Amino acid sequence: MYKFEKQYVLRVSDFDCYDRLRPSAILDFFQDVAGQNADEMGIGYRELIKKDVIWVLLRNRFDVIKSPVPYSSVIVKTYPHKPGRGDFDRDYYIESPTGETYIKGSSKWCLINFKTRKILFGDEGKCDGDEYTETCVYPEGVKKIKNFSEEGFEKFSGRTEFSDLDHNGHVNNVKYLDYVFNAVKPGKSEEVTSLEIDYVHEMQANSAYDIFYKKIDGAYYIKCISGGSEIFRAIMGVK
């Protein structure tokens with residue numbers, strides 16, 4: 001079965017000011033193991049970029065069962081699913097060394113042409129064999145968030161920086177969660193329990209953006225707009 005796991009020691013920088021694992025750190029671990037697993041499968045960045053092909057995230061989702069503590073060790077696992085027509089789902093678990101589940105999640109990826117930025121529907125991301133897992137973290141899948149109006153929401157404005165870019169030439173998905181945290185500023189009594197995020201458009205360095213957010217029934221509804229385009233929408237559950 002295609003899978004990958006790696007042990008990490010959590011750093012202080014992975015946590016917020018209340019010693020809670022930051023959502024951006026969670027997505028950073030997901031991204032890291034996904035990239036290494038893709039490399040092992042022969043469909044990683046270094047192989048695909050030779051053909052002007054790159055992986056791009058469409059959606060991310062996770063649920064926090066229990067937050068680990070700074071300096072503790074965790075095992076991050078990932079399992080890719082059988083590819084769809086043009087999308088690729090992948091599951092994740094962050095666990096203690098003894099197997100206790102801290103966080104579970106899933107993501108949906110696609111392949112695009114690096115130069116044209118258009119989605120590809122070929123076989124570049126597929127591997128031979130039937131070694132894909134059939135067990136899903138979310139049997140219903142990682143669904144698209146229904147659009148919602150940002151009217152009446154609070155607004156936070158910012159600008160992307162050069163340091164936010166990754167080797168695909170756009171703002172890395174992890175950075176979006178830092179933007180959200182800077183906007184929402186969850187209080188000591190608002191621990192993040194879940195996240196769903198849809199990536200709609202990419203952003204470049206030195207791009208002004210507005211994040212609109214509102215707490216509704218125990219969750220923050222969030223939308224990011226830049227240059228008149230929606231960049232992402234998200235729902236962040238808190239308790």
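A residue counts as buried when its relative accessible area is under 20%, as exposed when it is over 50%, and as partly exposed in between (1.4 Å probe, protein chains only). The model is predicted, so local features need pLDDT of at least 70 and side-chain atom pairs count only at pLDDT 80 or more, while totals for chains, interfaces and linings use all residues. Residues are numbered from 1 along each chain as its sequence is written, and side-chain values use heavy atoms, with hydrogens and water left out.

Take the cysteines to begin with. C224 is buried, because its relative accessibility comes to 0%, whereas C17, at 69%, is exposed. There are zero disulfides here, a disulfide being a pair of cysteine sulfur atoms within 2.5 Å. For C224, the closest cysteine sulfur belongs to C110 and lies 19 Å away, so that is too far for a bond.

Now for the sheet. Helices (H or I, at least four residues) and strands (E, at least two) are DSSP runs, numbered from the N terminus, and two strands pair if DSSP finds at least two bridges between them. Ten strands, written 1-3-4-5-2-7-10-9-8-6 in order, make up an open sheet of 10 strands with antiparallel pairing. Strand 1 (4-9) and strand 6 (154-159) sit at the edges with a single partner strand each, so one side of each has no neighbour in the sheet.

Further in, strand 4 (residues 88-95) and strand 5 (residues 101-113) run antiparallel and are joined by eight bridges. Across this pair, F88 faces W109 of strand 5. Helix 1 (residues 23-40) packs on the sheet, with strand 1 and strand 7 (192-199) among the strands touched; contact means heavy atoms within 4.5 Å.

Conventions: Axes are lines fitted to C-alpha atoms, for helices over the stretch in contact, and angles run from 0 to 180 degrees between N-to-C directions.
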